[in-house]
Amino acid sequence: MAGFSFEVEARDGRARAGRLVTPHGEVATPAFMPVGTSGAVKAVLHRDLREIGARILLANAYHLMLRPGDAVVAALGGLHAFSGWDGPFLTDSGGYQVFSLAALRKLDEEGVRFQSHLDGSSHLLSPERSMEVQQHLGADIVMAFDECPPGDAPRAVVAEATSRTARWARRSREAHRRPDQWLFGIVQGGVHLDLRETSARDLVEIGFPGYALGGLSVGEPKPGRDRVLEHLDTILPAEKPRYLMGVGTPEDLIDGVARGIDMFDCVLPTRNARNGQLFTSRGRLSIRNARHREDPRPPDPSCACLTCRTASRAYLRHLHQANEMTAATLMTIHNLSFYLDTMEAMRQSIRLCRFEEWRGTTLRRLAAAEQDGS
Ligand SMILES: [Zn+2]
């Protein structure tokens with residue numbers, strides 16, 4: 001398809017470093033996508049995001065279809081023109097949100113009828129409607145509409161959701177028309193390797209330019225997730241991008257890359273920043289902790305972001321305690337910088353065939369230090 005390509009440029013074990021090309025620019029992989037639910041990453045400007053190295057943003061079809069409405073965004077030129085972010089966008093299909101946020105859901109083969117969490121109005125999300133919404137929004141990468149059961153769902157429920165997800169993927173594929181978008185399929189199946197394998201094979205048979213792994217950030221045990229990733233690495237086409245949805249901590253990203261994942265998104269760095277939780281190269285730091293009250297050091301002495309160059313822990317703690325909006329901005333800039341710098345370090349280590357060495361050192365450093373005590 002014109003304007004799109006993906007190439008794995010280096011491998012180290014299962015880890016891959018590559019390049020994703022979209023009509024709105026290139027993304028080096030493995031990549032982390034900051035979450036801009038309603039078309040903006042909370043508390044920061046697009047300018048800040050560019051400066052810290054964000055290349056691709058995620059936006060939520062579910063939220064934008066309810067407010068301001070996908071037709072409104074389309075009339076204003078689509079998500080790029082509407083938001084002013086001229087780099088690549090990815091939208092999710094609304095599947096995950098409709099199962100986690102909406103009230104009074106009624107699920108059948110056609111789709112999901114639900115009431116908006118905003119005003120109680122009635123809506124239908126189906127593969128066809130999700131494709132219409134995402135084509136209105138105009139992101140570079142769009143997702144098939146899937147059914148995402150809870151992490152503790154019984155096997156029979158997961159099995160039914162998995163086969164429905166395959167039927168919905170086919171309908172999504174048939175309803176998708178825009179040649180300037182890449183449509184990814186979503187593999188479901190919980191922690192059941194046989195269901196995951198069936199799901200992946202069904203999607204590969206339909207044929208997508210990329211594959212996402214859903215239902216792996218819904219409270220399942222981590223060893224179960226690792227086994228699923230290792231198994232799918234042997235089934236998904238090696239030359240296509242793989243996206244692990246909604247995951248996770250810095251440790252989760254490293255473990256995902258070690259198992260062949262190329263793309264991630266997660267609200268953790270942005271949400272935690274607003275709650276005063278900072279991710280640093282020496283573990284996590286809670287800015288509310290009283291020990292930071294007179295601490296002149298930056299959040300992370302190894303970080304070169306705007307926040308670490310200009311703000312002390314004492315100042316950030318003060319702003320947070322005073323409910324100053326700037327606290328969220330500064331801490332979001334740091335947390336996203338830390339995530340994006342970690343991705344860049346991973347890419348370099350894969351290119352140098354030193355990923356396992358880097359991974360061991362980094363995981364030990366993240367686990368060893370309780371930063372609050374340092
Ligand atoms: Zn920083």
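**Cores, a helix and a zinc site**

The largest nonpolar core has 74 residues, and Phe32, Leu213 and Phe355 have the most contacts inside it. A nonpolar core is a set of buried Ala, Val, Leu, Ile, Met, Phe, Trp, Tyr and Cys residues joined through side-chain atoms within 4.5 Å. Buried means under 20% relative accessible area, with a 1.4 Å probe and protein chains only. Helix H14 gives the most to this core: eight residues. Helices here are DSSP runs (H or I, at least four residues), and strands are E runs of at least two, numbered from the N terminus.

This is a predicted model: local features need pLDDT of at least 70, side-chain atom pairs count only at pLDDT 80 or more, and totals for chains, interfaces and linings use all residues. Residues are numbered from 1 along each chain as its sequence is written, and side-chain values use heavy atoms, leaving out hydrogens and water.

Look at Phe32. Beyond its neighbours within four places in sequence, its contacts (heavy atoms within 4.5 Å) include Ile56, Leu253, Leu336 and Met343. A second, separate core of 20 residues includes Leu90 and Trp182.

Now the zinc ion. Cys303, Cys305 and Cys308 each coordinate it through SG, and His334 through ND1, at 2.1 to 2.3 Å. Donors are N, O and S atoms within 2.8 Å of the metal (3.2 Å for Na, K and Ca); water is not among the atoms, so sites may look incomplete. Cys308 sits in helix H12 and His334 in helix H14, 26 residues apart. At 9% relative accessibility, Cys308 counts as buried. His334, at 0%, also counts as buried.

Note on methods: Buried means under 20% relative accessible area, exposed over 50%, partly exposed in between (1.4 Å probe, protein chains only).
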